[in-house]
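Please have the sequence and the structure open as you read.

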Amino acid sequence: MNQINSLEDTFSAFNGLTVLIVGDVMIDSYLWGKSTRISPEAPVPIVNVVKREKRLGGAANVALNVQALGATPLLCSVVGDDTDGGDFLRLLEDKDLSTEGIVQSPERVTTIKHRIIAGAQQLLRVDAEIETELTDYDNRHLEERYLKLLSKADVVVLEDYDKGVFSEQNIKRFIQLANEHNIPTVIDPKKKNFMSFVGCTLFKPNLKELKEGLKVEFTDENLPAFESAVADLQKRLQTEQVLVTLSERGVFIADGNKKTYIDAHRRSIADVSGAGDTVISIAALCKALGTSVEFLAGLSNLGGGLVCEQVGVVPVNKERLLSEAKQVRLFELHEQRTA
């Protein structure tokens with residue numbers, strides 16, 4: 001890897017990375033319209049449809065963020081052998097994303113989230129999904145795809161949305177295989193499997209997930225209790241690094257005993273959907289490059305905020321992210337080291 005001496009070097013180095021993303025994928029469906037009156041049938045708004053749209057969601061949105069940052073994403077997941085599953089594969093192809101890691105299962109339905117939006121306001125979301133664990137047959141096929149793609153990867157992202165792709169057993173297997181290949185694993189958890197990611201490299205919950213996963217409660221202002229919970233998590237997951245997103249209060253990263261808070265930047269927030277996907281994508285690329293954890297957290301914090309300025313789930317804009325990182329002198333502030 002070339003020596004990285006600047007922010008521009010870092011963003012250029014992203015282009016040479018390959019990220020293997022494993023997890024729950026879905027379709028984000030949008031019905032955009034205008035609403036000027038209430039229905040006479042029930043106290044609900046009437047929406048006149050202007051546009052319909054389907055986008056890649058869940059772990060597939062992480063793949064879009066990785067691609068937007070210049071790296072090569074390899075997506076590994078299970079979808080239904082149904083109409084929505086066919087739509088999902090077409091959406092991948094439309095975005096020039098590989099489908100070789102996708103298993104189609106007749107035992108499952110493809111997760112789809114329908115959002116009805118009038119103006120900039122989301123009025124309703126309707127979900128179609130299955131949350132049961134994979135059959136042994138589907139899990140075996142998923143692991144085969146994972147193994148085939150692992151040798152190409154610089155970093156692995158395990159993206160859990162609690163839709164059934166992950167189980168305690170296959171999480172253990174995925175992390176074990178990555179560790180055997182000396183490939184870092186970066187985790188975006190949800191509640192069900194929260195404590196299953198033992199031995200991972202970096203673990204990224206938000207504050208709500210941290211409290212629910214550890215079954216602890218404290219006020220957001222109680223920093224000693226918060227830091228104690230993070231230390232407990234580091235010990236139980238046998239991981240050095242925990243990155244916690246704190247919404248409007250920024251992010252916190254623990255690296256061993258070292259603790260760093262990074263404030264959020266002032267934003268005009270339109271929609272927080274997909275911000276976590278952007279954060280984990282940036283964190284994974286920085287982890288693959290071996291940047292300082294402070295730089296990793298700072299850049300992830302910037303990117304997560306950027307996507308909140310747009311309605312709907314959208315990938316980060318690389319040029320805007322670079323521009324903002326320059327403005328706040330992120331590289332100089334959190335001096336980077338190369339692996």
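## A tour of the model

Alanine 297 is found in helix H9 (residues 293-307); helices (H or I, at least four residues) and strands (E, at least two) are DSSP runs, numbered from the N terminus. This is a predicted model, in which local features need pLDDT of at least 70 and side-chain atom pairs count only at pLDDT 80 or more, while totals for chains, interfaces and linings use all residues. Residues are numbered from 1 along each chain as its sequence is written, and side-chain values use heavy atoms, with hydrogens and water left out.

Alanine 297 is buried, at a relative accessible area of 0%. Here buried means under 20% relative accessible area, exposed over 50%, and partly exposed in between (1.4 Å probe, protein chains only). Setting aside neighbours within four places in sequence, alanine 297 is in contact with Leu243, Val251, Ile253 and Ile262, where contact means heavy atoms within 4.5 Å. Its C-alpha atom is separated by 7.5 Å from that of phenylalanine 252, 45 residues apart along the chain.

Next, a helix pair. Helix H4 (residues 136-150) packs with helix H5 (residues 168-180) at an angle of about 15°, their axes 11 Å apart. The axes are lines fitted to C-alpha atoms, for helices over the stretch in contact, and angles run from 0 to 180 degrees between N-to-C directions. That makes H4 roughly parallel to H5, a label for angles under 35 degrees. On the H4 side the contact includes Leu142, Tyr146 and Leu150, and on the H5 side Phe174 and Leu177 are among the residues involved.

How many disulfides does the structure hold? There are 0, a disulfide being a pair of cysteine sulfur atoms within 2.5 Å. The sulfur of cysteine 76 is 18 Å from the closest cysteine sulfur, in cysteine 200, so it is too far for a bond. Cysteine 286 is likewise too far, because its sulfur is 17 Å from the closest cysteine sulfur, also in cysteine 200. Cysteine 76 is buried, with a relative accessible area of 0%, and cysteine 286 is buried with 0%.

Finally, some backbone angles. Most residues other than glycine have a negative phi. Aspartate 96 has a positive phi although it is not a glycine, and glutamine 238 also has a positive value.

Methods
Angles under 35 degrees count as roughly parallel, over 145 as roughly antiparallel, 65 to 115 as roughly perpendicular and the rest as oblique.
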